[in-house]
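The exercises below are to be worked with the sequence and the model at hand. Each task is followed by a solution in steps.

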Amino acid sequence: NHSEEQWHQHLRTRNKQGLRYAAKRAYQFHRETTEEDYRRFYDNILKPFVHHRHGYSAYVESCAAFCADTYGAVRETVRLEQKSLAGFHLKLSPRNPLAYFNKVGISTEAIQDKQMMSELNCLIYQRMVQLARSEGHHGLHLGITPPVLNNGITWYKSGWGAEFVPNLTHQRYQLHFTSAKAALIRQHAAPLVALKNGHLVGIVWGEAQDAAEKIASAEPWKFNGLHSIHCHSIQTGQRVQNPETV
């Protein structure tokens with residue numbers, strides 16, 4: 001509901017810098033619609049970026065499935081001197097009040113230049129916000145995020161002003177530690193995000209004497225929408241009574 005200028009003011013400093021640096025180059029967005037366009041994006045931009053981020057064993061849906069998923073979609077590439085360096089696939093369906101960030105990709109050439117990669121990332125997010133606003137959407141959905149409190153994706157999305165909410169359309173799971181080494185697993189487990197009384201909460205493991213330290217160590221990873229952080233016992237998994245978490 002903010003203007004683009006207000007949204008921009010609240011961005012993380014490094015994102016503002018990325019946009020300033022990008023403005024010094026002659027980047028251009030180009031709308032692409034044909035199946036051949038989709039295949040070029042898939043082979044030269046999408047797959048290289050997914051492999052760079054997650055390794056070559058990462059799952060990438062088939063090109064045929066990607067080309068078929070075009071209802072209400074906009075696909076644009078970012079060009080510099082006629083070279084397609086990056087791009088995105090954004091859903092702007094009139095059936096949904098939120099625009100949906102579906103896919104993003106960056107070419108191998110741009111990946112090898114960290115400064116350029118940062119600029120392109122920033123440009124793509126700004127462009128998606130502009131398109132969502134122009135089509136009357138009241139928000140931009142940045143996708144499902146894994147329930148790990150110190151997840152880098154959570155930190156990155158927070159830098160663009162994201163507010164996290166419980167997902168209501170996917171299955172939920174209850175976590176049980178059944179191994180004989182359960183205490184050791186908890187001791188080294190990453191902080192998790194769980195659902196409690198309809199709120200997102202963070203969970204760390206420790207004992208009463210180090211509960212405050214454990215909670216403090218997770219504080220830098222808090223995000224908009226996280227209600228509180230709790231410490232659970234390494235030995236029993238039950239919540240440690242710590243007044244700072246109330």
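This is a predicted model: local features need pLDDT of at least 70, side-chain atom pairs count only at pLDDT 80 or more; totals for chains, interfaces and linings use all residues.

**Exercise 1. The five-stranded sheet**

Task: Give the strand order of the sheet of five strands, find its edge strands, and say which helices pack on it.

Solution. 

Step 1. The order is E1-E2-E3-E4-E5, in an open sheet with mixed pairing.

Step 2. Strand E1 (28-31) and strand E5 (139-141) each have a single partner strand, so they stand at the edges and one side of each has no neighbour in the sheet.

Step 3. Neighbouring strands are turned against each other by 35° on average, direction ignored.

Step 4. E4 and E5 pair in the parallel sense, over three bridges. Within E5, His141 stands opposite Tyr100.

Step 5. H3 packs on this sheet and touches strand E2 (73-80), strand E3 (83-91) and E4, with its direction at about 75° to that of E4.

Step 6. H6 lies across E1, E2, E3, E4 and E5, and runs at about 35° to E3.

**Exercise 2. The three-stranded sheet**

Task: What is the order of the open sheet of three strands, and which strands stand at its edges?

Solution. 

Step 1. The strands follow the order E6-E7-E8, and the pairing is mixed.

Step 2. Strand E6 (192-196) and strand E8 (226-233) have a single partner strand each, so one side of each is left without a neighbour in the sheet; these are the edges.

Step 3. From one strand to the next the twist averages 40°.

Step 4. Strand E7 (residues 199-206) pairs with E8 in the parallel sense over seven bridges. Ile203 stands opposite His230 in E8.

**Exercise 3. The second largest pocket**

Task: Which element gives the most to the lining of the second largest pocket, and how do the lining residues divide by class?

Solution. 

Step 1. The second largest pocket holds about 1100 Å³ of space.

Step 2. It is lined by 32 residues, of which Phe49, Arg53, His54, Val104 and Tyr125 are the closest to its centre.

Step 3. Two or more lining residues come from each of H2, helix H3 (35-54), strand E4 (98-106), H6 and helix H7 (152-158).

Step 4. H6 gives the most, with six residues.

Step 5. The lining of this pocket divides into 18 nonpolar, seven polar and seven charged residues.

Definitions and conventions
Residues are numbered from 1 along each chain as its sequence is written. Side-chain values use heavy atoms; hydrogens and water are left out. Two strands pair if DSSP finds at least two bridges between them. Helices (H or I, at least four residues) and strands (E, at least two) are DSSP runs, numbered from the N terminus. Axes are lines fitted to C-alpha atoms, for helices over the stretch in contact, and angles run from 0 to 180 degrees between N-to-C directions. On a 1 Å grid over the protein atoms alone, a cavity is a set of points where a 1.4 Å probe fits but cannot get out, and a pocket is an open set with protein on both sides within 12 Å along at least five of seven lines; lining residues have an atom within 4 Å of a point. Grid points are joined across faces, edges and corners, and a volume is the space filled by probe spheres set on the points. Ala, Val, Leu, Ile, Met, Phe, Trp, Tyr, Cys and Pro count as nonpolar, Asp, Glu, Lys and Arg as charged, and the others, Gly among them, as polar. Contact means heavy atoms within 4.5 Å.
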